[in-house]
Amino acid sequence: MISSQRQHLILNRLRTRGAVRITALSKELGVSAMTIRRDIADLADKGLLKRVHGGAVTTSSLLAEPLFSVKSQMDMGLKDTIARRAIDYVSPGDVIAIGGGTTAYVFAQHLLESRRCAGVTILTNSIPVAELVQAMESKDVEVIVTGGVITRSNSLVGPIADKVVSSLRVNTVFLGTHSVSIPRGFLMPNSLEAATDMALMDIADRTIILTDHTKWSCTSLSLFAGFDQVDTVITDDELDRHSAEATRGLVKELVLVPTTQADRGPHPEGLPDTPALE
């Protein structure tokens with residue numbers, strides 16, 4: 001298969017999926033990952049797509065978000081790294097909120113596998129997170145679902161969701177983000193999802209953002225939080241020094257988790273350590 005044919009297929013996949021991974025394309029098209037990287041670099045130079053860590057997204061990603069099924073396959077190692085640290089911020093019996101998106105979903109997975117989830121109540125607008133809790137054999141965790149309109153990321157948003165959220169109260173809310181803009185804050189491509197994230201923050205005593213380093217190079221439409229509205233940002237240590245220093249000067253707490261932490265395995269006795277602040 002010649003380069004132009006491969007690139008045409010890559011663009012076709014992007015139109016239908018919103019995002020693609022290099023490893024998946026390599027298997028699908030029967031060529032090396034290096035070949036796919038060269039094709040993506042060439043298409044990016046032509047302005048036909050945007051390169052991200054491990055793959056590419058459409059140039060229209062400012063307004064449109066990839067499907068949950070696509071995003072859930074991207075940057076899994078980084079999401080695991082961040083999620084493992086985030087469970088340190090939950091104590092048994094807490095009432096917490098978990099937003100939509102795949103990083104928040106991975107956090108929920110790790111939380112439910114730890115002892116920290118004992119007696120926890122979870123408010124969520126994420127259908128996958130709600131299904132995850134319902135699938136548990138132990139019913140020691142209670143889940144409350146907001147209701148609302150379903151987005152491409154399988155989140156429930158809109159006036160119904162916002163009304164349900166506004167009537168409740170939680171200790172901590174854990175949110176993902178589509179992009180990080182310095183000095184503006186945290187953004188989503190869907191304005192309704194941004195509004196629901198804002199509603200979740202309004203009822204929380206503490207707001208924690210879970211996001212990998214690639215989000216500092218993305219752009220989105222709708223701002224849902226300024227840096228001064230967020231208590232903690234948990235990301236991986238692949239964030240470049242300039243962005244890390246700028247973010248540290250704007251947010252109350254920035255936690256840079258070593259990327260090797262993704263392979264560290266569970267905490268001793270199944271109970272996470274106390275946070276080691278960066």
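Visitor: What end-to-end span should helix H3 have, and what does the model show?

Guide: A helix is a DSSP run of H or I of at least four residues, a strand a run of E of at least two, both numbered from the N terminus. The expected span is 1.5 Å times one less than the number of residues. Helix H3 has 13 residues (33–45), so it should span 18 Å; its end C-alpha atoms are 18 Å apart, which agrees. This is a predicted model: local features need pLDDT of at least 70, side-chain atom pairs count only at pLDDT 80 or more, and totals for chains, interfaces and linings use all residues. Residues are numbered from 1 along each chain as its sequence is written, and side-chain values use heavy atoms, with hydrogens and water left out.

Visitor: Which residues of H3 are buried?

Guide: Buried means under 20% relative accessible area, exposed over 50%, partly exposed in between, with a 1.4 Å probe and protein chains only. In H3 the buried residues are Thr35, Ile36, Asp39, Ile40, Ala41 and Leu43. Just after H3, Gly47 has a positive phi of about 75°.

Visitor: At what angle do H2 and H3 pack?

Guide: Axes are lines fitted to C-alpha atoms, for helices over the stretch in contact; angles run from 0 to 180 degrees between N-to-C directions. Helix H2 (residues 22–29) packs on H3 at about 110°, with the axes 9 Å apart. That makes H2 roughly perpendicular to H3 (65 to 115 degrees; under 35 is roughly parallel, over 145 roughly antiparallel, the rest oblique).

Visitor: Which residues make the contact?

Guide: Contact means heavy atoms within 4.5 Å. H2 gives Ile22, Leu25, Ser26 and Leu29; H3 gives Ala33, Ile36, Arg37 and Ile40.

Visitor: In what order do the strands of the open sheet run?

Guide: Two strands pair if DSSP finds at least two bridges between them. Here three strands form an open sheet, E10-E11-E13, with antiparallel pairing. The edge strands, E10 (179–181) and E13 (222–225), each pair on one side only. The twist averages 45° from one strand to the next.

Visitor: How many bridges join E11 to E13?

Guide: Three bridges join E11 (residues 185–188) to E13. Leu187 has Leu223 of E13 as its bridge partner. Helix H9 (residues 191–202) lies across E11 and E13, at about 10° to E13.

Visitor: Is Thr146 buried or exposed?

Guide: Thr146 is buried, with a relative accessible area of 3%. It sits in the loop between strands E6 (142–145) and E7 (149–150). Not counting residues up to four places away in sequence, Thr146 touches Leu123, Thr124, Asn125, Leu156, Ile160, Ala161, Val164 and Val165.
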